[in-house]
Amino acid sequence: MVATRVLHIASHEINVGDGALIDGIRAQLDAVADRPIDYQPLDVVPLGSGAAAFDPAVLADYDLVLIGGGGTIDGSVNHTQSGMALPLSGAAIRQSPTPLAFVAIGYNLFPGQTLHCCGPLIDLLDACRQRGFPFSVRNDSSHERLVEAVGDAARDVVEVPDPGFFIRPDRSYVVPQMTGRRPSVLVQLAGDNLERRLGTASGQRWFARHPDRTRRRFTDQIADLIVWLVTQRHAEVVLAPHITRDLRLTAEVIERLPTSVARPHVRVLGVPHPSHAPQFFQAYAEADLVVGMRGHSVICAVGLRVSCVAISTHAKVGGFMHKCGLSRWSIPWSEHCGREVRQACGQLLDAPSAQFPARDAATADFHDRLAQFMVRAWRLIGVPDRPSAATRQCPAAHAPSLPDPHVSGERGL
């Protein structure tokens with residue numbers, strides 16, 4: 001059987017959290033597909049930064065195009081064609097000979113940031129609606145923030161559970177930073193955009209006026225938390241940078257620790273290529289508690305049914321925890337949040353299953369909701385007379401065939 005060719009445009013190279021998202025997308029599509037899939041990755045980050053060119057004619061070489069994951073809507077002033085990192089205009093979507101599905105897109109603007117290219121994004125959403133191409137955002141309050149930004153243009157956008165929720169850890173992988181001693185607490189710190197994270201999380205602009213002092217206050221709070229975990233809760237602590245820009249912040253926290261705490265009781269995970277997300281997140285699966293700052297730190301922890309305390313420095317973190325019924329354990333960063341974080345950690349170390357009733361009830365339909373969307377994406381290639389990628393011509397030479405979302409005889413929802 002000839003494999004279906006799928007171009008997967010996403011953040012493939014930088015963030016292991018995006019690796020979890022990509023793994024989840026493909027697992028779900030594979031589960032609903034009725035034939036093998038040949039995935040071809042295309043990294044969206046160079047496209048969004050202008051470091052690489054994108055020719056829409058390449059779409060004709062594939063049977064389906066998936067866009068996601070990664071925080072593709074970030075408000076950059078350079079995203080003039082689409083309002084997104086992928087420079088694919090609404091006009092190009094209207095002419096595309098190949099169907100597209102936008103899967104679990106993130107609306108990643110920080111509070112106070114401007115969506116500079118709102119018009120092109122509205123046109124892209126309109127083109128997707130005209131062509132019947134499904135567009136979804138992840139369940140981290142992206143939908144609410146997108147509606148606030150573009151209004152009625154988002155009327156056909158759907159919210160889906162973040163596919164990283166379904167990360168499949170490699171249970172055979174031995175995490176060398178973990179000894180197996182209990183309790184084991186994994187702490188994840190986000191080192192990029194720290195000015196925006198710390199300034200906007202508190203609703204004040206301390207960082208802009210005193211960046212070194214504010215950064216020091218944050219690292220002191222995390223160091224105090226780790227000392228408390230080790231000395232009062234007798235925990236093993238593993239720090240988990242997701243991207244290389246997390247390393248500096250992680251190192252600064254370690255420098256604040258007493259040698260008697262850092263040397264015997266604290267370890268640091270390496271930063272892997274995102275394709276090794278199953279091995280990386282095995283550390284999450286083995287932890288008794290996760291204290292997470294990044295979106296996919298809490299997404300993957302909750303998905304793995306590991307107790308989680310979120311340090312919310314971005315709306316998406318608190319937004320996801322709310323969607324999972326866990327707002328109680330999502331703590332906005334402030335100068336004085338350390339005690340609240342310790343209290344939440346103590347509660348979950350004393351009663352590890354305390355989150356699970358609320359978590360299980362709120363996430364019970366997550367699998368079905370994502371599976372239904374992936375069925376919609378798969379159905380796009382099911383038009384009976386649709387030419388294969390091998391025989392289609394470039395967009396300029398061949399009139400596009402519109403996908404029919406109501407074709408019969410296909411896999412049901």
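# Reading a predicted fold, feature by feature

Me: Helix 9 (residues 246-255) has Asp246, Leu249, Thr250, Glu252 and Val253 buried. Within what arc do these buried residues fall, seen down the axis of helix 9?

Reply: Some ground rules to begin with. This is a predicted model, where local features need pLDDT of at least 70 and side-chain atom pairs count only at pLDDT 80 or more, while totals for chains, interfaces and linings use all residues. Residues are numbered from 1 along each chain as its sequence is written, and side-chain values use heavy atoms, with hydrogens and water left out. "Buried" means under 20% relative accessible area, "exposed" over 50%, and "partly exposed" is in between (1.4 Å probe, protein chains only). Helices (H or I, at least four residues) and strands (E, at least two) are DSSP runs, numbered from the N terminus. The arc is taken from the directions that run from the helix axis to the C-beta atoms. In helix 9 the buried residues fall within an arc of 160°, so they line one face of the helix. On the face turned away from that buried side you find the exposed residues Arg248 and Glu255.

Me: How many helices and strands does the protein have?

Reply: There are 17 helices and twelve strands. Of the 413 residues, 56% are buried. For contacts, the cut-off is heavy atoms within 4.5 Å. Take the contacts between residues at least 6 apart in sequence: 77% of them join residues at least 24 apart.

Me: Let's do strands. Which way do strand 3 (residues 64-67) and strand 4 run, parallel or antiparallel?

Reply: Two strands pair if DSSP finds at least two bridges between them. Strand 3 and strand 4 run parallel, joined by three bridges, and Val65 stands opposite Leu100 in strand 4. Strand 4 is also parallel to strand 5 (residues 135-138), with two bridges; here Ile105 has Val137 as its bridge partner. As for burial, six of the six residues in strand 4 (residues 100-105) are buried.

Me: Which handedness does the unit of strand 3, helix 3 (residues 90-95) and strand 4 have, right or left?

Reply: Point the strands away from you and follow the path from the first strand over the helix to the second: if it runs clockwise, the crossover is right-handed. Strand 3, helix 3 and strand 4 form a right-handed β-α-β unit. Strand 4, helix 4 (residues 118-131) and strand 5 form a right-handed β-α-β unit too.

Me: How many disulfides does the structure hold?

Reply: A disulfide is a covalent bond between the sulfur atoms of two cysteines. The cut-off is a pair of cysteine sulfur atoms within 2.5 Å. The structure holds zero. Cys324 shows why: its closest cysteine sulfur, in Cys308, is 9.3 Å away, too far for a bond. Cys324 is buried, at 0% relative accessible area.

Me: Last one. What do the buried residues of helix 14 (residues 315-323) pack against?

Reply: They pack against strand 5, helix 5 (142-150), helix 13, strand 11 (308-312) and strand 12 (330-332). The buried residues of helix 14 are Lys316, Val317, Gly319, Phe320 and Met321. From helix 13 (residues 295-303), pick Val298: among its contacts are Val317, Phe320 and Met321.

How values were computed: Lists of a residue's contacts leave out its neighbours within four places in sequence.
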